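Colleague: I am new to this one. Please show me the chain, and then I will ask about it piece by piece.

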Amino acid sequence: IALKNGEFIDFSPFKCPIEENLVQRDFTINAMAWSPERGIIDPFGGRESLKKKVIKAILPSNLANDPLRVLRAYRIASEKGFIIERDTKKYLRQYADGLSEVASERITEELFRILNHKHADKQLKDAYDNAVLEKIIIPDRRRIRENIKLITK
C-alpha cells in the first residue's frame, strides 16, 4: 500500500515462519513485521536502530546474496539522514566486489536515488572512503574525489 507521505507498507503472507523470512533481510530497520496475533515482531532490534537512526546489517552473508544491498545502505542513509554502523561499513566494503554482478540499470537507479536526497554528499563521500564507489565507477580516485567535491559544493 502506498501512503500519502510516499512510504509503502507491504502486506504479504509468508510461506515460512516469519523469523526465517526476517533473518534474510538486509538491515535491522527492514526486518520488522506485524502480526495481528503477536503484534510487532522485531528480532534484530529494528525499532532501536530507527530510534538511533542507524543502518545495521543483520547478517553479512545477506549482502553477498544480493550485492545491490551494499548501495542500498547508502541510499537509505541518504534518504533518511541515518548513519551506517561501523561493522556494517566493514561488510559493505567486503561485499562491494559483488556489485560487478549486478545489472547496471539497478546500480544506476540506486545511485540516482542516493543523489535525490539532501544527505547525498555525505553518503557518496562515505561510499568513496569505504572503497565502494570504485567498484561501480571508473577507478580514477583523483577524478572521483574531484566529482565528490563538485557535488558537495
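Colleague: Of the contacts in the protein chain with a separation of 6 or more, what percentage comes from residues 24 or more positions apart?

Modeller: First, the ground rules: this is a predicted model, where local features need pLDDT of at least 70, side-chain atom pairs count only at pLDDT 80 or more, and totals for chains, interfaces and linings use all residues. Residues are numbered from 1 along each chain as its sequence is written, and side-chain values use heavy atoms, with hydrogens and water left out. A contact means heavy atoms within 4.5 Å. Among contacts with a separation of 6 or more, the share from residues 24 or more positions apart is 60%.

Colleague: In what order do the elements run from the N terminus?

Modeller: Helices (H or I, at least four residues) and strands (E, at least two) are DSSP runs, numbered from the N terminus. The protein chain has eight helices and four strands. Their order is α-β-β-α-β-α-α-β-α-α-α-α.

Colleague: What is the radius of gyration of the protein chain?

Modeller: The radius is taken over C-alpha atoms, and the globule rule is 2.2 Å times the number of residues to the power 0.38. For 153 residues that rule gives 15 Å. The chain's value is close to this, so the chain is as compact as a globular protein of that length, with a radius of gyration of 16 Å.

Colleague: What percentage of the 153 residues counts as buried?

Modeller: Buried means under 20% relative accessible area, exposed over 50%, and partly exposed in between (1.4 Å probe, protein chains only). By that cut-off, the buried part of the protein chain is 39%.

Colleague: Which residue has a side chain in polar contact with that of Lys 122?

Modeller: Lys 122 is found in helix H7. Its relative accessibility is 38%, so Lys 122 counts as partly exposed. A polar contact is a pair of N or O atoms within 3.5 Å; within protein, one must be able to donate a hydrogen and the other to accept it, and residues adjacent in sequence count only if both atoms are side-chain atoms. At 2.7 Å, the partner of Lys 122 is Asp 126.

Colleague: Why can residues three or four places apart point the same way?

Modeller: The reason lies in the geometry of the α-helix. Such residues point the same way because the number of residues a turn is 3.6.

Colleague: Is Asp 126 buried or exposed?

Modeller: Asp 126 also sits in helix H7. Beyond four places in sequence, Asp 126 touches Tyr 74 and Lys 89. Its relative accessible area is 14%, so Asp 126 is buried.

Colleague: What is phi of Lys 53?

Modeller: Lys 53 is in the loop between H2 and strand E3 (54-55). At 44% relative accessibility, Lys 53 is partly exposed. Lys 53 is not a glycine, yet its phi is positive, about 60°.

Colleague: Which residues does Ser 49 touch, leaving out those up to four places away in sequence?

Modeller: Ser 49 belongs to helix H2 (residues 46-52). Its relative accessible area is 7%, so Ser 49 is buried. The residues it touches are Thr 28, Ile 29, Val 54 and Lys 56.
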